[in-house]
Amino acid sequence: MREIEPYKIKMVEPIRLVPRAEREAGLREAGFNVFQLPAASVYIDLLTDSGTGSMSQDQWAGIMRGDESYAGSGSFYRLRDTVREIFGYEHVIPTHQGRAAEHVLFAAAVHPGQIVPNNMHFDTTRAHVEHRKAEARDLVVEEAYDTSCESPFKGDIDVEALDRLLSAERHRVPLVMVTITNNSAGGQPVCMENIRETAAVCRKHRVPLFFDAARFAENSFFVKMREAGYADRTIVEIARETFEYGDGATMSAKKDGLVNIGGFVALRDGGLAERIRQHLILYEGFPTYGGMAGRDMEALAIGLHESTREDYLASRIGQIRFLCNTLHDAGVPVLRPAGGHAVYLDARRFAPHIPPAEFPAQALVCELYVEAGIRVVEVGSLMFGKSKESPRLELVRMAVPRRVYTNDHLMYVAEAVIKLYKRRNSIRGMRIVHEAPVLRHFTARLEPV
Ligand code: F0G
């Protein structure tokens with residue numbers, strides 16, 4: 001049976017393709033940085049899957065039921081109980097989004113000179129570790145760097161490397177993080193066996209294990225599909241087992257929470273939770289709302305249940321696979337196998353004539369906008385080039401918002417990318433003319449070489 005969307009469309013939002021000359025002028029004005037484009041000049045927006053999803057009628061109904069009490073909001077208790085049910089952690093601390101969860105956790109737990117290992121940090125997580133004057137160290141398995149290798153769990157952490165690091169430097173490691181799914185390495189999943197082994201190493205060295213759980217439901221779906229022994233388990237059962245191996249999680253609810261804003265920290269340790277709440281009150285808000293409105297907590301409690309529905313995940317991940325396979329079959333160099341939330345172009349193989357110093361992935365991002373009004377994002381040397389380790393992957397990420405686009409939209413994207421690939425030799429590199437000291441990719445201005 002085809003994996004079709006388990007919903008129909010009740011409200012539509014018009015989109016418009018602005019003329020090519022306007023796209024060219026707009027991009028120049030934006031400093032060849034698509035973060036600076038007004039959304040109205042974008043036709044298909046694959047910049048991110050974060051906060052861009054559609055809410056369901058139940059979530060919109062929840063918005064109307066939201067309890068805006070400053071203290072003890074009923075919406076908070078519903079969110080807390082849902083998180084306890086799916087994550088199994090006692091303490092639930094709401095924040096305005098994922099990076100705020102990172103902020104309050106790291107402010108309480110990470111100190112200057114320390115090292116935070118992760119399978120792979122995403123940009124904001126890395127920036128928050130570095131903001132604490134600590135080192136963010138990526139320990140992903142080697143296959144993650146081979147974009148054509150078809151291994152089923154390329155998001156895994158290298159457990160032996162983690163064990164070596166902890167044997168040598170345990171005193172410098174406040175916590176270990178595992179990002180599910182591994183966004184920077186292509187939305188690739190982490191298998192349960194790897195999580196179990198990681199937990200055993202953490203236990204041996206007495207270091208807490210935290211998950212960056214932004215896409216935990218998609219990760220759980222891959223475990224069910226690809227890992228022996230999980231075919232008959234529900235997504236919630238798989239998520240529960242995942243979190244059981246750890247001590248806590250940070251969550252950007254803008255992804256698998258199916259809401260437009262929100263996040264939380266969830267954890268077991270009451271003492272650490274208390275220290276986090278002190279930072280929460282200073283930077284986010286009172287502990288029963290943190291950084292969220294009551295209505296947003298209500299919608300999130302519902303969204304967490306919806307994102308763990310198997311029919312929804314089958315259609316969502318089927319859509320990503322459809323775009324990935326269509327491009328792959330046409331010979332376009334895409335990261336394989338398809339991940340959970342996005343399709344990634346390998347810019348080094350797509351445009352080998354552009355030297356690494358000239359931001360080949362950013363050049364593709366700009367060309368795709370001019371070609372077809374499609375906005376995507378660079379995940380390569382513009383995003384990560386300033387950290388000590390220079391990035392080993394040069395990717396263009398086409399992130400698919402949840403429950404927003406049809407496969408016809410994605411076919412339009414595929415045709416535009418294939419057309420661009422056919423004229424790839426005409427694409428020129430870029431150089432930076434202005435950059436900020438942190439997270440430069442959001443505001444940098446560039447020009448073609
Ligand atoms: N962790 C991961 C794995 C993420 O992908 C993100 C955000 C965050 C943490 C931070 O969460 O945005 O709610 O503050 N990723 C978005 C993206 C921005 O486009 O992939 P946030």
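The side chains of Arg215 and Asp49 meet in a salt bridge, with 2.9 Å from N to O; by salt bridge I mean a side-chain nitrogen of Lys or Arg within 4 Å of a carboxyl oxygen of Asp or Glu. In general, side chains of opposite charge can pair when their charged atoms come close. Please bear in mind that this is a predicted model, in which local features need pLDDT of at least 70 and side-chain atom pairs count only at pLDDT 80 or more, while totals for chains, interfaces and linings use all residues. Residues are numbered from 1 along each chain as its sequence is written, and side-chain values use heavy atoms, with hydrogens and water left out.

Let me turn to the division of the chain. Domain 1 takes in 20-49 + 310-448, and domain 2 covers 57-306; these bounds come from an automatic or database domain assignment. Taken over C-alpha atoms, the centres of domain 1 and domain 2 are 26 Å apart.

The structure holds 33 salt bridges, and the rule finds eight across the interface of domain 1 and domain 2. Helices (H or I, at least four residues) and strands (E, at least two) are DSSP runs, numbered from the N terminus.

I come now to the ligand. Of the 17 residues around the ligand, Thr48, Arg99, Asp212, Ser252 and Lys255 come nearest; to be counted, a residue must have a heavy atom within 4 Å of the molecule. In the side chain of Thr48, an N or O atom is 2.7 Å from an oxygen atom of the ligand. For Arg99, a polar side-chain atom lies 2.7 Å from a ligand oxygen atom. Arg215, already paired with Asp49, has a side-chain N or O atom 3.0 Å from an oxygen atom of the ligand.

Finally, some points of the backbone. Most residues other than glycine have a negative phi, and most peptide bonds are trans. The peptide bond from Ile180 to Thr181 is cis, with omega near -15°, and Thr181 sits in the loop between strand E5 (176-179) and helix H7 (192-204). A cis peptide bond also joins Arg336 and Pro337, with omega about -15°; Pro337 is placed in the loop between H12 and E9. Arg206 has a positive phi, near 55°, and lies in the loop between H7 and strand E6 (209-212).

Conventions: A polar contact is a pair of N or O atoms within 3.5 Å; within protein, one must be able to donate a hydrogen and the other to accept it, and residues adjacent in sequence count only if both atoms are side-chain atoms.
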